[in-house]
Amino acid sequence: MKYRIVYIDESDAWLNTFYQTFKADFEIIRIKVNEESTIDSLIEEIFKNEPDGVVTDYLLDEEGQVDFNGNQIVDAIRKVKPHLPITMLTSYEPQAINHMDEVHIINGKSDLDGESEEALQILKSKIKHDIDNFYRKLSNTQSQIEDLVKKKNESELEPQEEEDLTKLFILMDELEPDGKEIRANLIKSESITKLNDFVHETKEILEELRKRSKK
């Protein structure tokens with residue numbers, strides 16, 4: 001089964017180039033940015049398609065007649081799914097680097113021009129590798145939770161294990177916010193309630209600390 005990639009661009013030509021270049025390797029969902037696009041509408045469309053990864057152009061205001069660029073799309077995605085694999089393609093790498101924290105996700109669009117088959121294969125491998133790692137991390141986190149929960153239900157956890165379990169639940173919530181990967185009967189109901197309450201409180205504290213650090 002192919003991974004599903006959402007590709008975002010304001011140019012019909014680049015949307016078609018990306019599709020033709022990657023259609024043999026991934027299932028491609030193309031999203032065109034135009035004057036009616038907003039960050040919220042794009043985020044809604046992205047997650048409606050349940051992608052395994054997202055690839056976005058950087059300079060969306062070049063032809064799209066919008067007041068935002070790909071770096072803001074990345075920021076909006078991170079608020080929903082912090083660990084979702086994202087790749088940025090651009091012909092304006094220096095400009096993108098100046099507006100991005102995650103500079104490692106930036107790649108030149110020249111890789112798609114077909115002049116270097118090696119560069120193109122490296123780009124395809126990077127996208128697939130990022131998605132593979134995401135699902136590996138999801139699976140490993142799930143396994144660790146199951147092991148600790150089993151021990152918690154059968155006996156009790158050491159203080160460090162309790163802390164580790166809480167951190168794993170927080171990580172799982174970031175990896176899969178909808179909670180699809182966690183079975184409802186995995187842990188006793190009273191324990192789930194306590195853990196969920198603790199996770200919620202911890203996230204509120206972290207969010208408050210982040211707000212204060214920006215002042």
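Does glutamate 50 count as buried or exposed, and at what relative accessibility? At 52% relative accessibility, glutamate 50 counts as exposed, because exposed means over 50%.

## Overall layout

This is a predicted model. The protein has seven helices and five strands. Along the sequence these elements follow the pattern β-α-β-α-β-α-β-α-β-α-α-α. The protein has 215 residues, of which 40% count as buried.

## Glutamate 50

The loop between H2 and S3 holds glutamate 50. Its phi is near 45°, which is a positive value in a residue other than glycine. For comparison, most residues other than glycine have a negative phi.

## Two helices with a buried side

Helix H1 spans residues 12-22, and its buried residues are Leu15, Phe18, Thr21 and Phe22. Around the axis they cover an arc of only 140°, so they sit on the same side of H1. Asp12 and Ala13 are exposed on the other side of H1.

Helix H2 covers residues 39-48, and in this helix Leu42, Ile43 and Ile46 are buried. Viewed down the axis of H2, the buried residues fall within an arc of 100°, and therefore they line one face of the helix. The face of H2 turned away from that buried side carries Asp40, Glu44 and Lys48, which are exposed.

## Strand S5

Isoleucine 106 belongs to strand S5, which runs over residues 106-108. With a relative accessible area of 9%, isoleucine 106 is buried, because buried means under 20%. Isoleucine 106 and valine 55 are 51 residues apart along the chain, and their C-alpha atoms are separated by 10.0 Å.

## Salt bridges

Side chains of opposite charge can pair when their charged atoms come close. The structure holds eleven salt bridges. Asp9, Asp57 and Lys109 are linked in a network of such bridges.

Which residue of helix H6 is paired with lysine 152 of helix H5? The side chain of lysine 152 meets that of glutamate 162 in a salt bridge, with an N to O distance of 2.9 Å. Lysine 152 lies in helix H5 and glutamate 162 in helix H6 (residues 159-175), so this pair ties together parts that are ten residues apart in sequence. Glutamate 162 is partly exposed, and its relative accessible area is 26%.

## Pairs within one helix

Aspartate 132 and lysine 128 form a salt bridge in which the closest N and O atoms are 3.0 Å apart. Why are these two residues separated by about one helical turn? They are separated in this way because aspartate 132 and lysine 128 are four residues apart in helix H5. Lysine 128 has a relative accessible area of 41%, which makes it partly exposed.

In helix H6, lysine 167 and glutamate 163 are also four residues apart, and therefore about one helical turn separates them. Their side chains meet in a salt bridge, at 3.1 Å from N to O. Lysine 167 is partly exposed, with a relative accessible area of 49%. Glutamate 163 is partly exposed as well, with a value of 39%.

## Histidine 129

Histidine 129 lies in helix H5, which takes in residues 117-154. The relative accessible area of histidine 129 is 44%, so this residue is partly exposed. Histidine 129 and proline 85 are 44 residues apart along the chain, while their C-alpha atoms are separated by 9.4 Å.

Aspartate 67 is located in the loop between strand S3 (53-57) and helix H3 (70-80). With a relative accessible area of 72%, aspartate 67 is exposed.

Terms used
Residues numbered from 1 in each chain as written. Predicted model: local features only at pLDDT ≥ 70, side-chain atom pairs only at ≥ 80, totals over all residues. Heavy atoms only, no water. Buried < 20%, exposed > 50% of the residue type's maximum accessible area, 1.4 Å probe, protein only. Arc of directions from axis to C-beta. Salt bridge = Lys/Arg side-chain N within 4 Å of Asp/Glu carboxyl O.
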